[in-house]
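Here is a short briefing for a first look at this structure. Keep the sequence and the 3D view open while reading.

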Amino acid sequence: MDKNNIQFMLGHSLGEYTALACSKKINLADCAKLLKLRGKAMQDSFPTGKGAMAAILGLDINDVKETINTSKTNNVCQVANDNAPGQIVISGEINAVNDIITLLKDKGAKKAIKLPVSAPFHCELMNDAKDIMKNELMNITINKPIIPIIQNTSVDVTEDVEIIKNNLVNQVTATVRWRETMEKFKELGVDSIIEVGAGNVLTNLAKRSAPNLQRFTLNSKESLENFMRDFNIV
């Protein structure tokens, strides 16, 4: 790995804002302001306890979408995250999510795990939050990045400021397309990824979507020091 050849930055859901701050598109103060507003707006968009999210294991994205689209539920249920092959997260009104879980188990899902979340993120029940973020982002300065971003909703390499803003707005209600992003790295010539932050969830997901990638997880002082020593980073 060449320490001077960081080609792209990206983040999963809220982490996209972290990537934007690290690539100097958004300054730290504006990033904190946006995240505080985003969290409150999403929390306030739908009554507490009326929504749900669930991780579906053992089915691919097409199986889940087909089940949702052909179901007879009249309530909202959508794919929130396409995380990796065999790991999809659905989001929506609690009754609809429960109904879809039953149908997906009948279709062969190995497991459906309800997630301990405060709101049904990344679905159309967050439309009020989407409007709030659209208005706020109009007043935020986003600079041309020092490193291009790959955004959650488009899976495109993005440097255009207006496209970045539009994708951030759409991200509130749209699917986080993480599996596709990991798979795109081969096309882009990426051979290594670095996850920075607590845990190693994203590197584990990458292992499933793009097993040929070299993966590094920097989640402690020791792991950072080892990484810097191994690659002679001063």
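Helix 1 (residues 15-22) is largely enclosed by the rest of the structure, because six of its eight residues are buried. Buried here means under 20% relative accessible area. The model is predicted.

- The buried residues of helix 1 are Gly 15, Glu 16, Tyr 17, Ala 19, Leu 20 and Ala 21.
- These buried residues pack against helix 2 (28-44), helix 5 (127-137), strand 5 (149-150) and helix 6 (161-171).

- Four strands form an open sheet in the order 2-3-1-4, with antiparallel pairing.
- The edges are strand 2 (77-84) and strand 4 (111-114). Each has a single partner strand, so one side of each lacks a neighbour in the sheet.
- From one strand to the next, the twist averages 25°.
- Six bridges pair strand 2 with strand 3 (residues 87-93) in the antiparallel sense. Val 79 stands opposite Ile 90 in strand 3.

**Helices on the sheet**

- Helix 3 (residues 61-70) packs on the sheet and touches strand 1 (51-57), strand 2 and strand 3. The direction of helix 3 makes about 175° with that of strand 2.
- Helix 8 also packs on the sheet, touching strand 2 and strand 3. The direction of helix 8 makes about 85° with that of strand 2.

**The parallel pair**

- Strand 7 (residues 192-196) and strand 8 (residues 214-218) run parallel, joined by five bridges.
- Between strand 7 and strand 8, the chain passes through helix 8 (residues 201-209) in a right-handed β-α-β crossover.

Note on methods. Residues are numbered from 1 along each chain as its sequence is written. This is a predicted model: local features need pLDDT of at least 70, side-chain atom pairs count only at pLDDT 80 or more; totals for chains, interfaces and linings use all residues. Side-chain values use heavy atoms; hydrogens and water are left out. Buried means under 20% relative accessible area, exposed over 50%, partly exposed in between (1.4 Å probe, protein chains only). Helices (H or I, at least four residues) and strands (E, at least two) are DSSP runs, numbered from the N terminus. Contact means heavy atoms within 4.5 Å. Two strands pair if DSSP finds at least two bridges between them. A crossover is right-handed if, with the strands pointing away from the viewer, the path from the first strand over the helix to the second runs clockwise. Axes are lines fitted to C-alpha atoms, for helices over the stretch in contact, and angles run from 0 to 180 degrees between N-to-C directions.
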